[in-house]
Amino acid sequence: MTNIPETGRTPRVQIRLVVIQILVLSLLGTLGGRLWYLQIREGAEYAKQASGNHVQQVVQPAVRGSILDARGVPLADNETRLVVSASRTELLKQKDDGKAVLTKLAGVLGMDPQEVMLKVRLCDAKTPQPCWNGSPYQPIPITDEATPKQALQIRERSEDFPGITAEPEAVRRYASPGKSNTAQVLGYLSPVTDEEIQQAKDSDSPYLRSDQVGRSGLERQYDKVLRGKAGVTRYEVDNLGRVIGQAKADPAQPGANLVTSIDARVQRVAEYELDQAMKEARRQFDKITGSYYKADSGAVVVMEAKTGRIVAMASAPTYDPNVWVGGISSKDYAKLTGKDSNYPLLNRAIQGQAAPGSTFKVVSTAAAVEAGYDFDGRYPCTSSYSVGGQVFNNFEGENFGPISLGRALEVSCDTVFYGLAHNEWKKDGGINPKKGQPKDYFFKAAHQFGLGKETGVDLPNEVTGRVPDRAWKQSFWEANKDYWCKTGKKDGDYVEKIAYENCLEGNKMRAGDEINYSIGQGDTLVTPIQEAVIYGALANGGTMHAPTIGKAIISADGKTVTEIKPKVTGKLPISQATLKGMDEALAGVVTRGTAAWKFGGWPQDKIELHAKTGTAEVYGKQTTSWLATYSKDYTVIMTIAQAGTGSGASGEAVRNIYSALYGVQPDGSIDNKKALLPQPQKGLPKVRTDGTVASPKISKDPAKDLRDMQKAAEEGTSTSQDGTLPGATTPTSTAGNRDTRRRQRRRGGRRRLT
Amino acid sequence: MTGANSFSVSGYGPERGGWTRIFARDSVARRLDWPMLLAALALSFIGSLLVYSATRNRTEINQGDPYFFLIRHVMNTGIGLALMIGTVWLGHRTLRNAVPFLYGISVLLILLVLTPLGSTVNGAHSWIVLGGGFSLQPSEFVKVTIILGMAMLLAARVDAGDKPYPDHRTVLQALGLAAVPMLIVMLMPDLGSVMVMVIIVLGVLLASGASNRWVLGLIGAGVLGAVAVWQLHILDDYQINRFAAFANPDLDPAGVGYNTNQARIAIGSGGLTGAGLFHGSQTTGQFVPEQQTDFVFTVAGEELGFVGGGLIIVLLGVVMWRACRIARETTELYGTIVAAGIVAWFAFQSFENIGMTLGIMPVTGLPLPFVSYGGSSMFAVWVAVGLLQSIRVQRPMSA
């Protein structure tokens, strides 16, 4: 070492070395700073990008909840089908991309190997069906109709079928307990649309491409609770799309069960009776049009009067909801929606609207009392009423002399209401009232009775009906006046004349408008469910409810029960005294009024029925029949289009529904054992510890049971155990027995009024 | 303990036997720069974990053995350590006499690369495949021999006490010595290595005390050269693309920008503490290419987070800090120049390598010293550590 001179460090080199050191440090500092910026400041953003890079989702569908009737009988549930599916990721791991396995599988399933291959290829713009348009990480269903034997073959030899699974899967089933159909109330499911998938993509319950969504009825209204929450498994994949790990798995949460207030047995009876009534009406000859009644559509609502809960709701024509299961064929779809289908998908109980006819008179009566007319006063029921040369006839020209409002309801006297409405029209200022002058008691009452707006029933797409008040007339005229003024002729045919008049003063409330309106004719439209609310309120002392079908939501594990409470929407604008008077009058309709000829022998002293019949005129069509009834507990509304009078078309059917509810025998005796629902179902069905809902056994066909009971009673007392003599003097009404019916009409019903 | 005998440098103290000699106050073991050594060892250890994490699933390159790269990385580190020990044992001064020979060999090797014996990886024709899974990247060794060669020339007259600073002729000779292998490497073309060599030359000139004119001239020439390279379209398309992707990171994220983009996602997603070793999804998902070699830092960034990435930078800092101290503390210019050249090399290569994964430098094929997988690089950096240790061990006791 000593041979090396001790030169020491020259300052220049020393300084430069320090500079180098500082440079090095600053470079490293730069790196540290940049690292901090990327990882700490922007870290979240990159983490998001990274997860988007390599995470693929596989969604397990949740089992859809059941829809149960009030006693727990499933109306819509799921059946298990064996679904064989192939995992693309597994297949692609195989040497030949799974071709051999798929061919073998096709052999087991008895399918064409080519078809199976096509089913597992991915769809793109150029690929025609069949192809898989879901996520490539999702198992691809090959068939959902595998037999247990085929499934066993696949599962037992799983080593021969890598990537193939045969699993039971839940598929919707509309069980039709006791032959009830309930199609329009239950609604249906149909595949999810691209748009919906996009919308739900980032939500916590994304849709599968194979998902079904409730499209109408309860399936739609309660879709969210029934649907449950799809399970999501996030798989990490590498840059070639190969699965390298399972990141996170949220198991599927099955949907909740919906308990409804529907009673499947009553539902079946209501459906059957509606159908029978329509069939019967088609056998009746209509003198006015000179043809048999068409009776092309109808609806019936059975509602608990005190709560607004729907016990049964049927609409005709109907269809089998199971056609939707597993995808509807285009042929079936055309059958349901085509021009000649008569639209069986419509729920006419909430979507059918017609003039209410005389069932509207309860509204007019309330309006008259509100306007200051004494309920028990005397009003002339003449055979006709004329205004300015126009003559308005009473039904079949009957004349009862001066009668009270109650009696007017009972016998459905039109002219009493004509007079009252005309009087009010004049008081309101006639054809040209001053601004703010019209009190419009009759129109106000209709609104107060809940007409012209939805009842709020828990079903989608309810229609509002219409109250043809001044505001409506004005807007309707504005919308149509051009057309009327163009087509209207002073001396033309009926339509042209009407158009001409409408053009001139269609925006004004004419005397004839208000007179027609007072008996539920003309432009007024109501739905059966609105009638149910009104007559239910009359039954319970004046409280109007938003009708409800859903009664409770029970979580899949049975642990949470969310009750759906009845909803009060308002009070009828009637004093208790008037209500009592109307109640008595409507009872009179059954015992001696327009419906009496259909209710002969009814145990009125034990089960008091109240009714109002209605026959609404429809231009160019046969009359719409209405029958609005109630007992202490239930209100039953039935309407059939183009079927004649309310009592004639629906009397027997409605009576049969009450008979089934209360177990009334043809002779008028009451057999509580046979009663389906003598009191409204109060509690909820029992929930077992495993979360399933206990359901009682249900007869194969409650409607047939009723007929059998009636037949047995009619055939003699031999089958009657207690030996009570049937009310032999009162012939019973049995469908299909027209002789009996005629005779009854002659004896029980002196007059046939509406 | 004949080996121990070799470790004691003659003339530094009384001869003693066995362990005593190794751990005596003036023994080689005591005089080694342990912080640097431990930091370098730690870097290689972290490197082995990262290499393992990056390659255990890459069946297409690890020949079905998840430990394939790990074993080789550890082996390389072992060989590197042996080379370091050998270098210390020989001593940098002994090696000084062999510099012309070593320089000649390394230049011959890079010339070999240009012959059909060489093979092309990632656009750069810079490998000699030896067979059996081994290959050589001679440009790594050239970095060492350039430093040694230039130091030898520049320090000869100064260390002899003739002059305070190297004169212009000597500087010119030294530059010529560096230019030959640089030109060859540029022909490969291995632009990254050329850049490292330019920085090495700059560091060496600075430390040699050469006139400011030389230093400034070299910087100017570097800039001019860069402009010329750009203007004369000497660069290949892949090189232009790398610059384009650097200038605009969002450019074609599936194409030329893919590498930088995925690298940045990997690092960015690491956050403070990372996804955990072997749990990085970018790494397991093999989204970042060349992840065991040039992009090894992304594994650290994603799986060990800011803490792990920062630790690597700090450890590199320790190595360079100690090297700077050695450069300042040694009394002979030769040692100073060698140490400074190594500092310049390590600093620039680390900055370039980590910088490109962070998106602040363009992508070039440079390994991260000690950490990246790759034998040639590993051997070269450990030899460099050996040189630094030897300079420290052999400096006079400045008590």
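This is a predicted model: local features need pLDDT of at least 70, side-chain atom pairs count only at pLDDT 80 or more; totals for chains, interfaces and linings use all residues.
Chain B contains 17 helices and three strands. Of its 399 residues, 54% are buried. Among the contacts in chain B with a separation of 6 or more, 68% are between residues 24 or more positions apart.

The interface between the two chains brings 48 residues of chain B into contact with 39 residues of chain A. On the chain B side, two or more residues are given by each of helix H10 (191–208), helix H13 (258–268), helix H14 (281–284), helix H15 (296–329) and helix H16 (333–358). H15(B) provides the largest share of this side, with 12 residues. By class, the chain B residues that touch chain A comprise 23 nonpolar, 21 polar and four charged.

Two helix pairs within chain B were examined. In the first, helix H7 (residues 92–114) and helix H9 (residues 168–187) of chain B have axes that come within 10 Å and cross at roughly 20°. An angle under 35 degrees counts as roughly parallel, and H7(B) and H9(B) are therefore assigned to that class. Their crossing is left-handed. From H7(B), the residues B:Ser106, B:Val107, B:Ile110, B:Leu111 and B:Leu114 take part, and they meet B:Val180, B:Pro181, B:Ile184, B:Val185 and B:Leu187 of H9(B). The contact of H7(B) with H9(B) is made up of nine nonpolar residues and one polar residue, with no charged residue.

The second pair consists of helix H8 (residues 138–159) of chain B and H16(B), which pack at an angle of about 150° with their axes 8 Å apart. Since angles over 145 degrees count as roughly antiparallel, H8(B) and H16(B) fall into that class. The crossing of H8(B) and H16(B) is right-handed. On the H8(B) side the contact involves B:Lys143, B:Ile147, B:Leu148, B:Ala151, B:Met152, B:Leu154, B:Ala155, B:Val158 and B:Asp159, while H16(B) supplies B:Leu333, B:Tyr334, B:Ile337, B:Val338, B:Gly341, B:Ile342 and B:Trp345. These residues divide into 13 nonpolar, one polar and two charged. H16(B) is also one of the elements that give two or more residues to the side of chain B that touches chain A.

In chain A, helix H14 (residues 361–370) has nine of its 10 residues buried and is therefore largely enclosed by the rest of the structure. The buried residues of H14(A) are A:Lys361, A:Val362, A:Val363, A:Ser364, A:Thr365, A:Ala366, A:Ala367, A:Ala368 and A:Val369. The axes of H14(A) and helix H17 (residues 441–448) of chain A come within 8 Å and cross at roughly 125°, an arrangement that makes H14(A) oblique to H17(A). This crossing is right-handed. The contact joins A:Val363, A:Ser364, A:Ala366, A:Ala367 and A:Glu370 of H14(A) to A:Tyr441, A:Phe442, A:Ala445 and A:Ala446 of H17(A). Its composition is seven nonpolar residues, one polar and one charged. Just after H14(A), A:Gly372 adopts a positive phi of about 110°.

Elsewhere in chain A, an unreviewed UniProt entry annotates residues 17–37 as "transmembrane region". In the model, this stretch of chain A is 100% helix and 0% strand, and its end C-alpha atoms are 30 Å apart.

Several backbone features occur in loops. Most residues other than glycine have a negative phi, and most peptide bonds are trans. The peptide bond from A:Ala316 to A:Pro317, however, is cis, with omega near 0°. A:Pro317 is located in the loop between strand S14 (310–316) and helix H12 (330–337) of chain A. A:Ser176, although not a glycine, has a positive phi of about 50°, and this residue is placed in the loop between strand S5 (164–174) and helix H7 (183–186) of chain A. A:Ser176 counts as partly exposed because it has 18 C-beta neighbours inside 10 Å.

In chain B, the non-glycine residue B:Phe370 likewise takes a positive phi, near 75°. B:Phe370 lies in the loop between H16 and helix H17 (375–394) of chain B. The threshold for burial is 20 or more other C-beta atoms within 10 Å, and B:Phe370, with 27 C-beta neighbours inside 10 Å, therefore counts as buried.

Note on methods
Residues are numbered from 1 along each chain as its sequence is written. Chains are lettered from A and ligands numbered from 1 in the order in which they are written. Two residues are in contact if their C-beta atoms, placed from the backbone, lie within 7 Å. Helices (H or I, at least four residues) and strands (E, at least two) are DSSP runs, numbered from the N terminus. Ala, Val, Leu, Ile, Met, Phe, Trp, Tyr, Cys and Pro count as nonpolar, Asp, Glu, Lys and Arg as charged, and the others, Gly among them, as polar. Axes are lines fitted to C-alpha atoms, for helices over the stretch in contact, and angles run from 0 to 180 degrees between N-to-C directions. Angles under 35 degrees count as roughly parallel, over 145 as roughly antiparallel, 65 to 115 as roughly perpendicular and the rest as oblique. A crossing is left-handed if the near helix is turned anticlockwise from the far one by less than a right angle, and right-handed if clockwise. UniProt positions are given in the numbering used here, feature names are shortened, and annotations may be inferred rather than shown by experiment. A residue is buried if 20 or more other C-beta atoms lie within 10 Å of its own, exposed if 12 or fewer, and partly exposed in between; C-beta atoms are placed from the backbone.
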